[in-house]
Protein chains: 2
Amino acid sequence: MGLKAILVIADGMADRPIKELGGKTPLEAANRPSLNHMTKTGICGLLDLISPGRPPGSDVATLALLGYDALKVYSGRGALEALGSGVKVLPGDVAFRCNFATVNEQMTIIDRRAGRIANEDAVQLAKSLQKVRLKKSSGVDFLFKSTIQHRTVLSIRGPKLSTAVSGSDPGVIGSRVLEAKPLDDSSEAKLTANIVNELTREFHKTLKEHPVNKERVNRGLPLANIILCRGAGTIPNIKPFSQIYNAKAACVAAAPLVRGVCKAAEMELIDVKGATGTPSTNYLGKAQATVQALKRFDFILLHVKATDVASHDGNLKQKIEVIEKVDGLIGHLLNNVDVDSTYLAVTADHTTSVLTGNHEGDPVPIVITGPYVRRDGVEEFGERSCAKGGLNRIRGIDLMPTLMNLIGKTPKFGA
Amino acid sequence: MGLKAILVIADGMADRPIKELGGKTPLEAANRPSLNHMTKTGICGLLDLISPGRPPGSDVATLALLGYDALKVYSGRGALEALGSGVKVLPGDVAFRCNFATVNEQMTIIDRRAGRIANEDAVQLAKSLQKVRLKKSSGVDFLFKSTIQHRTVLSIRGPKLSTAVSGSDPGVIGSRVLEAKPLDDSSEAKLTANIVNELTREFHKTLKEHPVNKERVNRGLPLANIILCRGAGTIPNIKPFSQIYNAKAACVAAAPLVRGVCKAAEMELIDVKGATGTPSTNYLGKAQATVQALKRFDFILLHVKATDVASHDGNLKQKIEVIEKVDGLIGHLLNNVDVDSTYLAVTADHTTSVLTGNHEGDPVPIVITGPYVRRDGVEEFGERSCAKGGLNRIRGIDLMPTLMNLIGKTPKFGA
């Protein structure tokens, strides 16, 4: 059997030392026998996703971890999110991440997530919104889709659009819904902003009269009476992963963004029952799907969103629990792949502090095991122990060439 | 006496852990008292020739080690190889690495090296090939030279040539000789491909009737009846080494490629009797020549090809033996230079795995000794021990400024 590689990304797993953990990070405090087994038998180091100190979004971090130069190819989050949600986004389409939210009559935002509206309600509302008609003169059409709870995506299509527009989402409760504005002087940016504003108004009209919302009032739930958009993006202009490395690649992930990045890289998406992108996701199912997929693919990216969810929620206890479940997932991989022909790498796409609830620019730990890695004798997997590892400190963009090099797939430069 | 610097490049010396060595690399397994003395008294680290994980050819790696930005200046291997073989290559000339090979009547390759043809036969055949005349209409002329065994170089000269051509060498036995093809739409690329194809045909005609080949049949040797070309290149547009560092620089190397890179950098080439670019090279002679040359030069690059030869051949035992001979060479240097004024750096131009027989993208170890290096207390010279060194992990392009800085020759940036 040929050499294979798996990259496990535990989203936002890395963290900062926490007083109540006696100065340990959540990762250092977690019971993590499989991760520690990996450092004992592998090579480890630190990874700056983009560059030291710079907090990355999950979008640019995932691009970087797949080996792309995010500084050059990043073209906004919206299109990646839309792609990963199953919306067909073509070159030139401009897509947005959107939320169902609640506004009062003054268009002031009361709840940015409309009470984390249930999927069933969101789907029904979205169906009605897709029926909204834009003025024909614009020549622009749109796709609207709800994904998980309050999350939705909007992709607009027309001959002359631009990502140089601000969104309608002010990002905080108590602010009014924003007018989308062109960010440059182009007619494309003006048109795109106009379309967003037109849709915002028309969506609002449709939503406030919608039977689902009338019913929500009866159930004492916040209205989902506005759509807030942000993150205008087009699909990035990147070479397919398989062309760069001559490797068949697939992705096991639930988070739409990560699925979108992998789809943009033309990797195959593998669906797993019960994989939800939440702390109650199907960890074992994802590990099993990865082991299965290894028969057909040279490289699998396995992404777990739950670590990041717990971090953003500031839920230290849950973060540690989720890390321990990720450790179990790693254990299943180690026990079920052919360790003589499989390289396994584990890292995070960024540091997310449970204290600040934000992505931080601190580097993340990385470990790689496999038949011919240069073992470095690091005992434990953690933010500080890995700083002493044989990989030293590398950048996000360098990880994929490093991993593909181990399976003989990184192209030679020169002769 | 002024400060001096020597860089010893042991080609392909770095490797991966090997089971039958108990998980050690060949370098770690070798008896290497002089190299270990260097780490004990010097500073060490890891070097990514181009970037982490990316396997470099010896051409780009040598450019990088001399401080050039290979990603910008690399212009193909052929011209470097030709330059280093004593062929005069001018700007605009397009040169190729070529082989004497053996084809059958269907032009299928039976032996890519014509039985590693002896130098005497190759020289005689090359003389006849130089007499081949191209159609005058093309305005193109050529130089053809045999170097070592089956290896030859072809340099073509004309007003409008291009390196955007594929070669005639399919790289494997059992394939047919390829047509050279233009790789872009330019008339220059088309003309260059046509010239290569015309020469391939004309060379074949001359070779198959050649008395040397008739004699080879009688001796039971494979015919040298075709010339296979690859690696179209022009000389790189680089500043002379001495201009960048205000340092007089020379090169002690047998391998034509390394000599070519140094010649392109306008360094002086020093010839050493018995230096062959093979495991039976004159190690002591090279060390002695380096010590001698230090009287006239500020910087000497000393290159040993043998480590790479053993690696490509998958000859583990020989690789260890050669490393031990390199260690002896280092010992001679340490015992014969003024250690109070001489900096000595030792590294490899890439990892070559004895298991895969390929250049790999794993980083290489580097050590520097000299009067004012910041000693880091690393005990042994090896791929893993050096990862803990005070230089940390740097890039190929950074080594020469680091070394020249120690002798006060790296120009200041800013004021």
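Contact, throughout this tour, means heavy atoms within 4.5 Å. The model is predicted, so local features need pLDDT of at least 70 and side-chain atom pairs count only at pLDDT 80 or more, while totals for chains, interfaces and linings use all residues. Residues are numbered from 1 along each chain as its sequence is written, chains are lettered from A and ligands numbered from 1 in the order in which they are written, and side-chain values use heavy atoms, with hydrogens and water left out.

**Stop 1: the interface**

Highlight Tyr372(A), Arg374(A) and Phe413(A), which supply 37% of the area that chain A buries against chain B, more than any other three residues. The rule for salt bridges (a side-chain nitrogen of Lys or Arg within 4 Å of a carboxyl oxygen of Asp or Glu) finds 1 across this interface. To see a salt bridge between the chains, select Arg395(B) and Asp398(A), whose closest N and O atoms are 3.2 Å apart.

**Stop 2: salt bridges within the chains**

Over all chains, a search of the whole structure finds 43 salt bridges. Begin with Glu81(A), which forms a salt bridge with Arg77(A), the closest N and O atoms being 2.9 Å apart, and another with Arg97(A), where the corresponding separation is 3.7 Å. The second pair ties together parts that are 16 residues apart in sequence, because Arg97(A) lies in strand S3 (residues 94-103) of chain A and Glu81(A) in helix H5 (residues 78-84) of chain A. Helices (H or I, at least four residues) and strands (E, at least two) are DSSP runs, numbered from the N terminus. Colour by accessibility, taking buried as under 20% relative accessible area, exposed as over 50% and partly exposed as in between (1.4 Å probe, protein chains only): Arg77(A) is buried at 15%, and Glu81(A) is buried at 9%.

Next, move to chain B and select Glu268(B) with Arg296(B), whose side chains meet in a salt bridge at 3.5 Å, N to O. Glu268(B) sits in strand S9 (residues 268-270) of chain B and Arg296(B) in the loop between helix H11 (283-293) and strand S10 (299-304) of that chain, so that the pair links distant parts, 28 residues apart. Glu268(B) is partly exposed at 38% relative accessibility, and Arg296(B) is partly exposed at 47%. Return then to chain A, where salt bridges that share partners join Asp121(A), Glu215(A), Arg216(A) and Arg219(A) into one network.

**Stop 3: two helix pairs**

Select helix H6 (residues 119-130) and helix H8 (residues 211-218) of chain A, whose axes come within 9 Å and cross at roughly 150°. Axes are lines fitted to C-alpha atoms, for helices over the stretch in contact, and angles run from 0 to 180 degrees between N-to-C directions. H6(A) and H8(A) are therefore roughly antiparallel to each other, given that angles under 35 degrees count as roughly parallel, over 145 as roughly antiparallel, 65 to 115 as roughly perpendicular and the rest as oblique. Asp121(A), Gln124(A) and Leu125(A) in H6(A) meet Val212(A), Asn213(A) and Arg216(A) in H8(A).

Select next helix H2 (residues 33-41) and helix H13 (residues 316-336) of chain A, which pack at an angle of about 55° with their axes 7 Å apart; that angle makes H2(A) oblique to H13(A). From H2(A), Pro33(A), Ser34(A), Leu35(A), His37(A) and Met38(A) meet Asp327(A), Ile330(A), Gly331(A) and Leu334(A) in H13(A).

**Stop 4: a covered helix**

Select helix H11 (residues 283-293) of chain A, which is mostly covered, with 8 of its 11 residues buried. Among the buried residues are Tyr283(A), Lys286(A) and Val291(A). The buried residues of H11(A) pack against S1, strand S8 (249-252), strand S9 (268-270), strand S10 (299-304), helix H12 (306-312) and H13 of chain A.

**Stop 5: Leu3(A)**

Finish at Leu3(A), in the segment before strand S1 (4-10) of chain A, which counts as partly exposed at 31% relative accessibility. Not counting residues up to four places away in sequence, Leu3(A) touches Ser341(A), Tyr343(A), Pro371(A), Leu406(A) and Ile407(A).

Conventions. Buried area is the accessible area (1.4 Å probe) that two parts lose on being put together, summed over both.
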